[in-house]
Amino acid sequence: MKPRISIICPVFNAEKFIKETVETIIAQTYKNWELLVIDGGSKDGTINFLEQYAKKHSNIKYFSEPDEGTWDAAWKGIDRAEGEFICFMYASDGYINNEWFQTCADVFEKDPTLSLVWGIPFDMTEKGKILGPHFAYAQILPRRAM
């Protein structure tokens, strides 16, 4: 089955964060996705981790080759994406809401004229404490959402 959502994740030496990031994708209730991790030639344990997860999950693919930075890696991911929709995330990103993909799919299904769904990023410490919405977006959220 062709994936509906292609998640493109440019990384480089992301061993410290990649497991948590990938696991938040795997935990999504909506399962019609592919994860394309575009690695810039990491020298840490990033590739070892990705090899293990790609063996267990057929919808996780990784590619490791030198690139010219994040945007170059992102374009490489777009070229390989098979999904109808594209989502970008980076090595230290993740999803707090396990129903985010389902919410996005429902929005697109309800109104096919839409081409973008955007979430508000929240800041989190390395120990997992949620600090609230990123300062650039905090003012647009109602107080009760924080």
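Student: Is F85 buried or exposed?
Tutor: In this predicted model, F85 counts as buried because its relative accessibility is 16%, and buried means under 20%.

Student: How many aromatic pairs does the structure hold?
Tutor: There are two aromatic pairs in the structure. In one, F49 and Y53 are tilted, with 4.2 Å from centre to centre and 35 degrees between the planes.

Student: What about F85 and F108, how are their rings arranged?
Tutor: That pair is stacked, because the planes of F85 and F108 are at 10 degrees, and the ring centres are 4.0 Å apart.

Student: Which elements do F85 and F108 come from?
Tutor: F85 is in strand 4 (residues 85-88), and F108 is in helix 4 (residues 100-110). The two residues are 23 residues apart, and their pair links distant parts of the chain.

Student: What is the relative accessible area of F108?
Tutor: The value for F108 is 10%, so F108 is buried.

Student: Changing topic: which ring does the charged end of K56 sit over?
Tutor: The charged end of K56 sits over the ring of Y53, at 4.8 Å from the ring centre. Y53 is also the partner of F49 in the tilted pair.

Student: And where does the charged end of R80 sit?
Tutor: R80 has its charged end over the ring of F63, 4.1 Å from the centre of that ring.

Note on methods. Residues are numbered from 1 along each chain as its sequence is written. This is a predicted model: local features need pLDDT of at least 70, side-chain atom pairs count only at pLDDT 80 or more; totals for chains, interfaces and linings use all residues. Side-chain values use heavy atoms; hydrogens and water are left out. Rings of Phe, Tyr and Trp (its six-membered ring) pair if their centres lie within 6.5 Å; planes under 30 degrees apart count as stacked, over 60 as edge-to-face and the rest as tilted. Helices (H or I, at least four residues) and strands (E, at least two) are DSSP runs, numbered from the N terminus. Buried means under 20% relative accessible area, exposed over 50%, partly exposed in between (1.4 Å probe, protein chains only). A charge sits over a ring if NZ of Lys or CZ of Arg is within 6 Å of the ring centre and within 35 degrees of the ring normal.
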